[in-house]
Amino acid sequence: MKRLLVVFLITMVTIFTMGNTVHASSLEDLRISGENRWETAVEISQEGWEHADTVVLTTGYNFPDALAGAPLAYMYDAPILLTKNKLDRTTKEEILRLGAKKIFILGNKSAVPLQVEADLKNIGIENIERIGGANRFETAALIAEELGKSDTAFVANGLNFPDALSIAPYAARNGIPILLTKNDTLPDATVKVLQEKRQTIIIGGTAVVGEDVASQLNNPVRYSGKNRFETGKAIVENLTLGSETAYFATGMNFVDALTGSVLAAKHNAPILLVKTNNIPSSTKTLLENYNKKFIIGGKAAVSDIVAKEISGDTSTFTARGISIGDSVKRVLSILGEPDRIDESRAKLEWYIYNSDYSNFLMVGIDNNQVIRLASNADVWNSTIDINIGTTKEVVEQKLVDEYGSGSYYLDDSYFARFYYDEHQDNSIALIELTGEDLEYIDPRKTDSVARDMEKQIFDLANATRVQFGLKPFVWDEKARISSRKHSQDMADRDYFDHINPDGESPVQRMKKEGIEWIGAAENIAAGYYNALDVHIGWMNSYGHRLNILSDLERLGVGVVFGGSYGVYYTQNFYTPR
């Protein structure tokens, strides 16, 4: 099919050059993390709480005082935040964002200095309650007293952290205190609280909670494994929470699981422990039990290798964690409901995710499976380091076009097509994956398909603008009508030009629709198969690119099937007077 492009520009506009880009891995969609443990705690808080009257605050330097804090935080619907020897800026700003009125400080004055209290008062927090004993065992006992009545208690080793953290979401969700012990000695503070409990659940094997301690407990039941990871599995299998969501954190450090435990409890989800660079077999057997998976902590705690396995990502390419062949259920569990569902010229529906153009994604669905993925945003993850911004030269060094089709057959299941930006060193501007099972039919040419293509062209333009640091266009209905009428006229009267056979220019046609402008422009095209093709066609033509990356504010798009070229496209841009 022949394809044409023509540009009409009637005001000076500004074009921007794309600088270096940072490619956001789709694995990042799974992560809740900050630059450090204090910022990670804040990210967890922001993930789970828009507002909180109460905050639990503890030191970020060591684990003992906070080990038992999750049930207390859950009872007050409070996030756990971390502090240094004084209240740092990140934590202070989060407390203010939450609108907190009360702060529980876990730990004595040597763990959380009085300076922190003074800093809290300086930001208007007067209701401060410190729960801190002479040691970690007394602090846990005091937290248990604050929780109130429960005839059950968990007992875990207080000289190490993993077992207590594994049980924290369940304990929090069920209001059961976590009491701490030594391996061979039951501390007095713990004994006192346990006298009121009818049932005791020991977390960990005899190496961490010995038989001498167990013999002093009321009706003890033990959940344990050979190591912290097997103990975590025993907890999940015997003390069940929900089966929809799971959180993953390193089992080699305390802090991420500690602050994430209350968020997990809010979502009725366990925290499963992993190593930095691999998933222990005991944890791995649990992966497929959960549809939604989130990682707490950065790459230094849980590497991308582990994150990839957690996500179920084995494809060369994924977009925001979605692969060709994934089910609709998986798409919805990861991305949520689409912002729009569009028709397509092929036998599929497009699930459109456009609420954030920096994460714009089109997911093609047929027979309840992902059959196509497309995006010009930095949403791709690739095992071969090909992404938005990769040059054509690099692609051709890494991949072979076996069929000479311009597409690359990958993973024995789908084709990858790369659209290049000729004005940016022939770097990838858009990636499209198409499953080999896509059923090709005579391209649909209905009015409803054309209407949906208009919206897709608008979205693609805005995703490109966001990549270049520009504000998205505002959709303009008058400009849409003007554009559609011109596309229809070109199809009906079989011409291709900005000036119609009656001598009307774009500005005259726009004025007919009531548009008053201080700057305006028009792009037209014909013969391109779909929104992806025509958008890249325009972006690779300097004048059309100028309009898409201009400082004009509004855009309307008109697509019409018919005429000598089969399909006609018009974009009308303007800034209102």
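This is a predicted model: local features need pLDDT of at least 70, side-chain atom pairs count only at pLDDT 80 or more; totals for chains, interfaces and linings use all residues.
**Stop 1**

Select arginine 320, in the loop between β14 (317-319) and α13 (328-335). Its phi is positive, about 55°, although arginine 320 is not a glycine. Most residues other than glycine have a negative phi. Is arginine 320 buried or exposed? With 15% relative accessibility, arginine 320 counts as buried, because the limit for buried is under 20%.

Now jump to asparagine 426, in the loop between β21 (414-421) and β22. Asparagine 426 also has a positive phi, near 50°. Its relative accessibility is 34%, so asparagine 426 counts as partly exposed.

**Stop 2: two spans from the record**

Colour residues 324-400, which an unreviewed UniProt entry lists as "domain: CAP-associated". This span is 19% helix and 32% strand, and its end C-alpha atoms are 20 Å apart. Then colour residues 459-573, given in UniProt (unreviewed entry) as "domain: SCP". Here you will find 43% helix and 23% strand, with the end C-alpha atoms 14 Å apart.

**Stop 3: salt bridges**

Side chains of opposite charge can pair when their charged atoms come close. The count for this model comes to 27 salt bridges.

Start with aspartate 533 and arginine 417, whose closest N and O atoms are 3.2 Å apart. Aspartate 533 sits in helix α18 (residues 531-539) and arginine 417 in strand β21, so this pair links parts of the chain 116 residues apart. Aspartate 533 is buried at 9% relative accessible area, while arginine 417 is partly exposed at 31%.

Next, select arginine 545 and aspartate 421, a salt bridge with its closest N and O atoms 2.9 Å apart.

Arginine 577 and glutamate 516 form another salt bridge, at 4.0 Å from N to O. Arginine 577 follows β26 (567-576) and glutamate 516 is in the loop between α17 (506-512) and β24 (517-526), so the pair ties together parts 61 residues apart in sequence. Arginine 577 is exposed at 68%.

**Stop 4: a charged patch**

Finish by showing the surface at Asp411, Asp412, Glu436 and Asp437, which gather in a patch of negative charge. Glutamate 436 lies in the loop between β22 (427-435) and α15 (447-467), and counts as partly exposed at 40% relative accessibility.

Note on methods. Residues are numbered from 1 along each chain as its sequence is written. Side-chain values use heavy atoms; hydrogens and water are left out. Patches are made of residues with over 30% relative accessible area and no salt bridge: like charges are joined within 9 Å, nonpolar side chains (Val, Leu, Ile, Met, Phe, Trp, Tyr) within 5 Å. Accessible areas come from the Shrake-Rupley method with a 1.4 Å probe; for residues, only the protein chains shown count as cover. A salt bridge is a side-chain nitrogen of Lys or Arg within 4 Å of a carboxyl oxygen of Asp or Glu. Lys and Arg count as positive and Asp and Glu as negative; His and the chain ends are not counted. The place of a charge is taken as NZ of Lys, CZ of Arg, CG of Asp or CD of Glu. Helices (H or I, at least four residues) and strands (E, at least two) are DSSP runs, numbered from the N terminus. Buried means under 20% relative accessible area, exposed over 50%, partly exposed in between (1.4 Å probe, protein chains only). UniProt positions are given in the numbering used here, feature names are shortened, and annotations may be inferred rather than shown by experiment.
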